[in-house]
Amino acid sequence: MLTNAEEGLDKGNWQISSDQLKVKDHVFSIEQKVLHGGKQEGSKILTIHSKDGLTITLSPTRGMNLLRIEGFGSRMGWDSPVKEVVNPAFINLESRNGLGWLEGFNEMMVRCGYEWTGHPVTADGQIYTLHGKAGNTPASRVEVEVADSAPYEIRIRGLVKESTFKKADLQTLTELRYVPGSNSFSLHDVLTNHADYPHDYQIIYHSNFGTPILEEGARFLAPMSSISPFNDYAKSGLKTWQTYQGPTKDFDEMVFNIQPLADENHQTLAAVVNKAGDKGASIQFDTRQLPVLTLWKNTDTIKQGYVTGIEPGTSYAYPVTIEREQKRVKQLQPGASAQFDLTYTLLHDSAQVAAVEQKIAQIQGDNKVAENETPIAKE
Amino acid sequence: MLTNAEEGLDKGNWQISSDQLKVKDHVFSIEQKVLHGGKQEGSKILTIHSKDGLTITLSPTRGMNLLRIEGFGSRMGWDSPVKEVVNPAFINLESRNGLGWLEGFNEMMVRCGYEWTGHPVTADGQIYTLHGKAGNTPASRVEVEVADSAPYEIRIRGLVKESTFKKADLQTLTELRYVPGSNSFSLHDVLTNHADYPHDYQIIYHSNFGTPILEEGARFLAPMSSISPFNDYAKSGLKTWQTYQGPTKDFDEMVFNIQPLADENHQTLAAVVNKAGDKGASIQFDTRQLPVLTLWKNTDTIKQGYVTGIEPGTSYAYPVTIEREQKRVKQLQPGASAQFDLTYTLLHDSAQVAAVEQKIAQIQGDNKVAENETPIAKE
Amino acid sequence: MLTNAEEGLDKGNWQISSDQLKVKDHVFSIEQKVLHGGKQEGSKILTIHSKDGLTITLSPTRGMNLLRIEGFGSRMGWDSPVKEVVNPAFINLESRNGLGWLEGFNEMMVRCGYEWTGHPVTADGQIYTLHGKAGNTPASRVEVEVADSAPYEIRIRGLVKESTFKKADLQTLTELRYVPGSNSFSLHDVLTNHADYPHDYQIIYHSNFGTPILEEGARFLAPMSSISPFNDYAKSGLKTWQTYQGPTKDFDEMVFNIQPLADENHQTLAAVVNKAGDKGASIQFDTRQLPVLTLWKNTDTIKQGYVTGIEPGTSYAYPVTIEREQKRVKQLQPGASAQFDLTYTLLHDSAQVAAVEQKIAQIQGDNKVAENETPIAKE
């Protein structure tokens, strides 16, 4: 237990290693560090470092968001102009007309939810700020568990509370599982409505990849029944949704709404792979839990943030008002929970890339991809 | 002196006990603790623990608000869905259209003021946020004093500043007095206008009680000349203002405006007592200082926050615009002060409850209670 | 290096002295201190104390703003009703309709910029808050350098980042240089646009002086081609712009827009001197870098904040919308920098005051000052 708000405790700087745990098969360490300087004053990061596997860095202060995953000569993550792990104390989500979230955005994965998600909108007399509050909420409880026998799976759990008198009591117990030495990890998040009233929820797993995977000629892969542009600007990119441009001045961003296909177990995969097909990142998820997929192509210049988002969710990125209208906002009954299971894999050779590609082709089967030119909504 | 902004000092975790003070008659301790985890990161609580009396917990970080009072098998306080002692650094009072205050509300007593109080409203081009800023302002100076002779009265003082260039320089020196072993404590707050110009002020002592005092059949007691519903919704509860329902789904809240009566010394009492009449909480106050009383019945479900508020104030809970119109907003001349003295008692047997009831009946005397069906204002 | 966000480090409380540095000629110390209490919880101040010179106090937490400069029986700075070094974590710049900045304003010099400056305005769907964000942005890197040979010049550098995904990547490397024993210091700030797109910028060096320099009969000195009132209220003060009133109830503030004249090297000077002409403060700046000058006369009562601002800038204090219209908003190309060099001198005898007066007269030469009665814009 690193942090426990119920007891008011936090361990601060803390470290444990496989040596201390008397694990022989793998060399790994887990470390919590309190950061200083600029707007990251007081932010905590928690890092799993697996010598022959991945280095996974997440931030308890920023809703257990994943900052970056490195290993096997590659990484999942990107380079934002925001370099610091911004403490939410310095962020006003309502600033910039509801875009304050952008002042801290640099993660490989941000949970966008759960009270609401999507683009900001003023409705019901309030601002629904960009992508909700969970990603800027310090975790109330953080615990690390290492299995005491091979393969010594590591589990990091964090409790993220969106509890406001009269408004919501949505609590998410996030869990990351990682087996030292492996090239993948998984998330097992359980969102529970602790209130006595039903409550809406939305979630987008905003997962972001830049270099070295993203490059000119990199490809996006996912089985789908349909794809359509998010808005008029994205129309011109519809025909080339399967490939990426290099860093392109004035590109800004094109977003696409995807209806994913899944296998008989409701599992599906989406991936971005580099041009040579020997590096990539894939996300496996369950379409019962996360029925829609957003593809965000932000292939602007390197300094502007050259990045693509692969974003499984309950919703697309439209404002909550549109998502409500189009019936994608889900609801939890009192005491009820929703689970979200995702597996992220850092693909680091041609065989791994080929295997993902094959799996995706298999799910796609003979199903045609409908490329619908008309956006399903207008902001 | 635990905290002194003028010298930039704070003692952090700190404790003193009756033993250390060589007090023999009573066993007590006073402890300051810095909390961690979630949105309470860095919040401080200060606890008086009297072995044969009350345990009083307040938060210097949250404007010297009283979190909870426990003792004699009972408590003053309630269970909010907000469990943490939220550091104001994580609160945006303007969020949710001026309802951001709700993200931290869980106290037994919050000072709602002093620049403004009441429901949020946009006026003069700005948002007057719910219940003002004092309750979310860290105390600039905190000091603890223990009398060196019996009955060893403990005094905790905190300075809460609302100082903004060109806008206000209202400073409140809060003081809590407690005699170890007793079942009551008192507040003696002095609000001073340090500016060279007159300044409006408003204050509501938002005092909140849940289980075990509040229950189905619990009763509200106060001498009054009149009571009226705050709004149309509360009309249906007017006839039963003297009793409480149990936790009731979809009840939400009913609010009543009360014109209290006082004795010849301007002292009055309001109380909530349980059904059996052997548990309760009373507040004694001075109607010259706090001329009006709000009764807040929030007898919704337990998890929603089953609670009643007994709220002596200068104002009702209407937005400042209405309070101005109806002439309840007070003003302090340059250098002038207003004092507020309240005594809270945790009633823990039938005799104590009966005594309060008798005192209230005595103040009421032959005066009839006018139950006015029409709200005095419409938001 | 005291703070380095890249490495997540901060030294916290820290001190070094001329003794430790084996400097014999001068006695000085440099100290960083973490403050506590009220809204300054966690704020850092950094103080250069030169025994026979100036004591310069700045705050890394508040954008390297200069709090106060003391020495030679005088000071540069003023007395705001805001006494604490407010941690930006407790400030909502958007509050009070964009005037939240006033809740922390008490510095001798605040950098007002760089994304925008001036009075607040809602435009482009967002609030441009009063005087921008730099002054409420904790420095990401702070370093102190002391030359290892006479005159042992001290340099304090701080990096202030305004980096927001898709919005801006303006970074300012501030530098303060001080030679122990002297009565002046200089600023050498370099603002760089790290983005791949051009970006607008504005800056006002909001430099503020109160007692003992400001008093009834104190004089404002600057060479100029023209001066005009900022708004209708200031019209009545136009004829007496050269002198100051004593603390005056209901004076509020008068602001004047000045077009400064400079010498052949584009250097100019502005100063405030006391009535006797033996105390003062001057600012030397470069009109190519900072082409306009705002004079802020806030000679209201002492407690209200008796102060004058001498504010060289790229802009006047109008909202960004007006500054854009009137073409005073500057732009930086990708990778480009703008430098700002200012020298502040604490004048402490008649000879120093006379020298400044002579220099200003020399720059003014035969040029007439046009006193234009009509404000150049209307908010």
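## Close to the axis

Of the residues of chain A, A:Ala89 comes closest to the rotation axis that relates chain A to chain B, with its C-alpha at 3.0 Å. This is a predicted model, in which local features need pLDDT of at least 70 and side-chain atom pairs count only at pLDDT 80 or more, while totals for chains, interfaces and linings use all residues. Residues are numbered from 1 along each chain as its sequence is written, chains are lettered from A and ligands numbered from 1 in the order in which they are written, and side-chain values use heavy atoms, with hydrogens and water left out.

## Turning one copy onto another

Let's see how the chains are related. A rotation of 120° with 0.0 Å of shift along its axis places chain A on chain B, with an RMSD of 0.0 Å. The two copies are thus related as by a three-fold rotation axis. Copies are superposed by least squares on the C-alpha atoms of residues with pLDDT of at least 70 in both.

Chain A can be superposed on chain C too: the rotation is 120°, the shift along its axis 0.0 Å and the RMSD 0.0 Å. For this pair, A:Ala89 is again the residue of chain A that comes closest to the axis, at 3.0 Å (C-alpha).

## How the copies meet

Contact here means heavy atoms within 4.5 Å. Only 9% of the interface residues of chain A are also interface residues in chain B, so these copies meet through different surfaces. With chain C the figure is only 8%, so there too the copies meet through different surfaces.

## A look at the cysteines

Searching the whole structure gives zero disulfides over all chains (a disulfide being a pair of cysteine sulfur atoms within 2.5 Å). B:Cys112 is buried, at a relative accessible area of 0%, and C:Cys112 also counts as buried at 0%. Buried means under 20% relative accessible area, exposed over 50%, and partly exposed in between, using a 1.4 Å probe and protein chains only.
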